[in-house]
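Work through the exercises below with the sequence and the coordinates at hand. Each task is followed by a solution in steps.

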Amino acid sequence: MDGNGRWAKKRFLPRAMGHKKGLDVLENICHICNDAGVRYLTVFAFSTENWRRPADEVSFLMGLFLVALQKKVIQMNEKGVRLKVIGDRSRFSAEIQQSIIDAEALTANNTGLTLTIAADYGGRWDILQAANALIAEGKTHISEADLASRLMLAEAPEPDLFIRTGGETRISNFMLWQMAYAEFYFTPVLWPDFNQAEMQKAFASFTQRERRFGRTSEQLPSEQQRPE
């Protein structure tokens, strides 16, 4: 969800206002995905590298995270959205950690969209913590299945579509293992301007992809081949 700060700067607003607008956009995108039948949406909210940002911005982001966990989650719960948070929670305040537990418990039985917020998360960290968990269990030989089962998103299917807003064309340490066969969609649109029309463009782009997973086009069932 890239571009909050630049969106605010273009409007001569504090960066914090861009992040606030970005939270509203996330809520809207959740509703769009839920209505479209998307089962899993994972958003990169705060990376392990984001702690390097100015202290006042980090403080505001933590406050915004708390608002989302304590207030926005109530609305999401009414829509049947299930919330999960992945990442290293140890550096968050005790209040945020407890709010994460409470929000996940509140929405645990919902059957709509599963919204996963990646906070203090990094793809390398995810792989490392999974490997360390297996070592702690006494594993001496680790298979792909073993490692995948200990990743933060082990219960979810691997992502089909990766969307990055804001004009950057990299994945920035996000879900490195899981995105081996994801389709990538990059857009110059800043996250606060990402709306239903932009989401539909991403969906439309995805429907034009031919997903072969190592096979040839001729091997694919006709219903899986790319539309003309």
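**Exercise 1. An aromatic pair**

Are Tyr121 and Phe174 buried or exposed? Classify their ring pair and locate both residues in the chain.

Solution. The model is predicted.
- Step 1: Tyr121 is buried, and Phe174 is buried as well.
- Step 2: For Tyr121 and Phe174, the centres are 6.1 Å apart and the planes stand at 80 degrees. Planes over 60 degrees apart count as edge-to-face, and the pair of Tyr121 and Phe174 is edge-to-face.
- Step 3: Tyr121 belongs to strand S3 (residues 114-121), while Phe174 sits in the loop between strand S4 (161-164) and strand S5 (183-186).

**Exercise 2. A second pair and the ring cluster**

Which class does the pair of Trp191 and Phe194 fall into? Then place the pair of Exercise 1 among the other rings.

Solution. 
- Step 1: The ring centres of Trp191 and Phe194 are 5.6 Å apart, and the planes make an angle of 20 degrees.
- Step 2: Planes under 30 degrees apart count as stacked, so the pair of Trp191 and Phe194 is stacked.
- Step 3: Both Trp191 and Phe194 are buried.
- Step 4: The structure has 12 aromatic pairs. Ring pairs join Tyr121 and Phe174 with Phe44, Trp125, Phe162, Phe184 and Phe186 in a cluster.

**Exercise 3. Helices H2 and H7**

Describe how helix H2 and helix H7 cross, and sort the residues of their contact.

Solution. 
- Step 1: H2 spans residues 15-36 and H7 spans residues 196-207; their axes come within 10 Å and cross at roughly 45 degrees.
- Step 2: Angles under 35 degrees would count as roughly parallel, and 65 to 115 as roughly perpendicular. H2 and H7 are therefore oblique to each other.
- Step 3: The crossing of H2 and H7 is right-handed.
- Step 4: H2 contributes Ile29, Ile32, Cys33 and Ala36 to the contact, and H7 contributes Gln196, Met199 and Phe203.
- Step 5: Sorted by type, the contact residues are 6 nonpolar, 1 polar and no charged.

**Exercise 4. Helices H3 and H4**

Repeat the analysis for helix H3 and helix H4.

Solution. 
- Step 1: The axes of H3 (residues 55-78) and H4 (residues 94-107) come within 10 Å, crossing at roughly 15 degrees.
- Step 2: With the cut-off for roughly parallel at under 35 degrees, H3 and H4 are therefore roughly parallel to each other.
- Step 3: The crossing of H3 and H4 is left-handed.
- Step 4: On the H3 side the contact is made by Met62, Phe65, Leu66, Leu69, Gln70, Val73 and Asn77; on the H4 side, by Glu95, Ile96, Ser99, Ile100, Ala103, Leu106 and Thr107.
- Step 5: These residues divide into 9 nonpolar, 4 polar and 1 charged.

**Exercise 5. The surroundings of Leu161**

Which residues does Leu161 contact, leaving aside neighbours within four places in sequence?

Solution. 
- Step 1: Leu161 lies in strand S4.
- Step 2: The relative accessible area of Leu161 is 23%, so Leu161 is partly exposed.
- Step 3: Beyond its neighbours within four places in sequence, Leu161 is in contact with Glu183, Tyr185, Ala202, Phe203 and Phe206.
- Step 4: For Tyr185, the C-alpha to C-alpha distance to Leu161 is 7.3 Å, at 24 residues apart in sequence.

How values were computed:
Residues numbered from 1 in each chain as written. Predicted model: local features only at pLDDT ≥ 70, side-chain atom pairs only at ≥ 80, totals over all residues. Heavy atoms only, no water. Phe/Tyr/Trp six-rings, centres within 6.5 Å; stacked < 30°, edge-to-face > 60°. Helix = DSSP H or I, 4+ residues; strand = E, 2+ residues; numbered from the N terminus. Buried < 20%, exposed > 50% of the residue type's maximum accessible area, 1.4 Å probe, protein only. Axes fitted to C-alpha atoms, helices over the stretch in contact; angles between N-to-C directions. Parallel < 35°, antiparallel > 145°, perpendicular 65-115°, else oblique. Left-handed = near helix turned anticlockwise from the far one by under 90°. Contact = heavy atoms within 4.5 Å. Nonpolar A, V, L, I, M, F, W, Y, C, P; charged D, E, K, R; others polar.
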